[in-house]
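Trainee: I would like to go through some of the labels used for this model and see what each one rests on.

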Amino acid sequence: MCKNMPPLELAIQFHGHICPGLLIGVRAAEFARQYLEVDQDHDEELVTIVETDSCGVDAIQAILGCTFGKGNLIFKDYGKNVYTVASREKGRAIRMAQKFGAAKWRESDRFRILSRQSDLSEAEANEKESLLGVLFEKIMSMPFEDLFNWQEVAMDIPEKARIHPTVQCAVCGEGVMETRAEKTDKGWICAPCRMKGGVE
Ligand SMILES: [Zn+2]
Ligand SMILES: [Zn+2]
């Protein structure tokens, strides 16, 4: 990813399309970055806990550099637009929760309907495009406190991700991270093989 790209561009490129959810994530990522006075993460200086797996998370990954692969993006499947960003260096964390009903306008409802439709007429495609323009303006310019409730929180920042040894599953023969394998008297067994009934 290009370091000199503006945050919004980074997020759009990473996510593949512009949508209201992504833009809300951009606002959260940018707010956290400014509040904590941090730059994009290189080596797990930052950790983000996300409580959703929807569009906004991609803004967190692209802008803050907290990614699934680096292990500094922690997903809790709560279905809530809540992001907690922590800085190891600063020893500080901020929790941002999207306000209930925020960024919900007539335009967002209509945009959602059109987004679900697969074959849009030319008129509908144009309408969707202009709705996105309106939503873009609204989301990117609204006061952050109208969009999110936020507060600094005390957080036990998880340790940096460790690389664990790989062992070989005695059933399928594939490699598996030791901490995810179960040791039996037949040897290590991976989770899918355990679920299939493993060895007898
Ligand atoms: Zn999206
Ligand atoms: Zn296996």
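Trainee: What makes Leu131 buried?

Mentor: The model is predicted, so the count comes from predicted positions. Leu131 has 22 other C-beta atoms within 10 Å. The label buried requires 20 or more, so Leu131 is buried.

Trainee: Where does Leu131 lie, and which residues is Leu131 in contact with, leaving aside neighbours within four places in sequence?

Mentor: Leu131 lies in helix H5. Leaving aside those neighbours, Leu131 is in contact with Glu107, Arg110 and Phe111.

Trainee: Which residues make the contact?

Mentor: H4 contributes Glu107, Ser108, Arg110, Phe111 and Leu114. From H5 come Glu124, Glu127, Lys128, Leu131, Leu132, Val134 and Leu135. By class, the contact of H4 with H5 has six nonpolar, one polar and five charged residues.

Trainee: Which residues of helix H1 are buried, and what covers them?

Mentor: In helix H1 (residues 7-15), the buried residues are Leu8, Leu10, Ala11, Ile12 and His15. Their cover includes helix H2 (20-36) and helix H3 (56-64). Just after H1, Gly16 takes a positive phi of about 95°.

Methods
Residues numbered from 1 in each chain as written. Chains lettered and ligands numbered in written order. Predicted model: local features only at pLDDT ≥ 70, side-chain atom pairs only at ≥ 80, totals over all residues. Contact = placed C-beta atoms within 7 Å. Helix = DSSP H or I, 4+ residues; strand = E, 2+ residues; numbered from the N terminus. Nonpolar A, V, L, I, M, F, W, Y, C, P; charged D, E, K, R; others polar. Buried ≥ 20, exposed ≤ 12 C-beta atoms within 10 Å, placed from the backbone.
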